[in-house]
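Hi,

Here is the structure I promised to pass on. My notes on it follow below.

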Amino acid sequence: MSAIVIIPSRYSSTRFPGKPLCLISGKPMIQHVFEKVKKARLVRDVFIATDSESIFNAVEAFGGRAIMTSDRHESGTDRIAEAAEKLQQDGYKAQNMEIVVNVQGDEPMIMPEMVDDVIELMNDRRASIGTLAKRISDIRDIADPNVVKVVFDEDDFAIYFSRSPIPYYRDEWKDLTRIKDEGSQVTVFKHIGVYAYRREALLKFAKLKTARLEKIERLEQLRAIEKGIKIKVKETSFETIGVDTPVDVERVERCQSLSL
C-alpha cells in the first residue's frame, strides 16, 4: 500500500481563531503536527489542506506542502477529499495515494506510530476506513459527552460511536451517577480521531448526504456506519491532547516538557 497524510487546517474557530498558527515551544502548532506525521514509516507524503493564506504561507515557510481549499467545508473530511481530488488533477499519481490519512491539525501530540497503525488496518480488504481507540482510564471521561466512545465487534469493526457511555453496564450502573463509583470495574473505549481511508471510500463518503444518526450525535463517522461503510478499529496505548482553547496550549507544553 502507498499512503499519504492530508492535515486539514482552517483558520476560523469560534473558541480559538487562528489556532493552527499558535506557538507551542516556539513553533506553530501546525508545524508540530506536520513534523510528527513525517516520522511515520509508512507515509509517502504529507500535505496541509487549508482555506487560509496565512496558514498556507506559514506551511511553505517551514518547508511543508500546502493545498488551498474552499472555505465552505463543514468538516475536515470534506476538506481532505477536495485536496485529494486536486492532487490527482495536478498529476499526483493515484497509486501513490491508495490510502489517505486524516490527521487533525490541532493534534500536536500525535505519535508517528498512531499513523502507521491506522494505515496497517487497511491490510484488511474488508475495511474502507481505519481508526483508533484507547481504553478510558479516567472514569470522568465515560460520562463526558465531549469524549466520544466506540464499540466494535469481534473482528474489530465499529458497531457504533456515541457521546453517551457505551456499552451501558446495566448491573454496575444503576444510573449514570454510579459511573463515578464503579467506572474502574468496566472497559470503555474512547475514540481517537485519526482516520485512514481508501481513496475511493474517502471521495464517496464526502459526497454522501448527512445521515440521521450523524445529525443527532453530531459525529460524522456515523454517516459511514449508517451507510454500511466498514470502519476497522485498533486499540492504541497512546493518548492525545487536542487543542481547542489557549488553555490546551499550556497543557501540551507541560506534557512536552515532561517528555524531554
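Asp117 itself sits in helix α4, residues 112-121. Asp117 is buried, at a relative accessible area of 14%; buried means under 20%, exposed over 50% and partly exposed in between, with a 1.4 Å probe and protein chains only.

Before the rest, some housekeeping. This is a predicted model, in which local features need pLDDT of at least 70 and side-chain atom pairs count only at pLDDT 80 or more, while totals for chains, interfaces and linings use all residues. Residues are numbered from 1 along each chain as its sequence is written, and side-chain values use heavy atoms, with hydrogens and water left out.

**The whole chain**

There are nine helices and 11 strands in the chain; these are DSSP runs, H or I of at least four residues for helices and E of at least two for strands, numbered from the N terminus. The radius of gyration is 18 Å, close to the 18 Å that the globule rule gives for 260 residues, so the chain is as compact as a globular protein of that length. That radius is taken over C-alpha atoms, and the rule is 2.2 Å times the number of residues to the power 0.38. Along the principal axes, the C-alpha atoms fill a box of roughly 55 × 40 × 35 Å.

Buried residues make up 53% of the 260. Of the contacts with a separation of 6 or more, 66% are between residues 24 or more positions apart. The accessible surface comes to about 13,000 Å², and 46% of that belongs to carbon and sulfur atoms; the areas come from the Shrake-Rupley method with a 1.4 Å probe, and for residues only the protein chains shown count as cover.

**Helix α3**

Helix α3 covers residues 76-89, 14 residues in total, and reaches 20 Å from its first C-alpha to its last, close to the 20 Å expected at 1.5 Å a residue. The expected span is 1.5 Å times one less than the number of residues. How many of the residues of α3 are buried? The count is 10 of 14, so to speak "mostly covered". Among them are Gly76, Asp78, Arg79, Glu82 and Leu87. The cover over the buried residues of α3 includes strands β1 (3-9), β4 (43-50) and β10 (189-198), as well as helix α6 (199-207). Just after α3, Gly91 takes a positive phi of about 100°.

**Charged pairs**

Side chains of opposite charge can pair when their charged atoms come close. Counting a salt bridge as a side-chain nitrogen of Lys or Arg within 4 Å of a carboxyl oxygen of Asp or Glu, the total is 19.

- Asp45 and Arg65 form one, with the closest N and O atoms 3.3 Å apart. Asp45 lies in strand β4 and Arg65 in the loop between α2 (53-61) and β5, so the pair ties together parts that are 20 residues apart in sequence. Asp45 is buried at 17% relative accessible area, whereas Arg65 is partly exposed at 42%.
- Asp138 and Arg140 form another, at 2.7 Å between the closest N and O atoms. Here Asp138 is partly exposed at 27% and Arg140 is exposed at 62%.
- Glu220 bridges to Arg223, at 3.9 Å between the closest N and O atoms, and Arg223 counts as buried at 4% relative accessibility.

Salt bridges with shared partners also join Asp124, Arg126, Asp155 and Lys232 into one network.

**Aromatic rings**

There are seven aromatic pairs. Rings of Phe, Tyr and Trp (its six-membered ring) pair if their centres lie within 6.5 Å, and planes under 30 degrees apart count as stacked, over 60 as edge-to-face and the rest as tilted. Phe152 and Phe189 make a tilted pair, 5.0 Å centre to centre with 55° between the planes. The pair links distant parts of the chain, with Phe152 in strand β8 (residues 149-152) and Phe189 in strand β10, 37 residues apart. Phe152 is partly exposed at 24%, and Phe189 is buried at 12%. Ring pairs also link Tyr168, Tyr169 and Trp173 into a cluster.

Cheers

Notes
Contact = heavy atoms within 4.5 Å.
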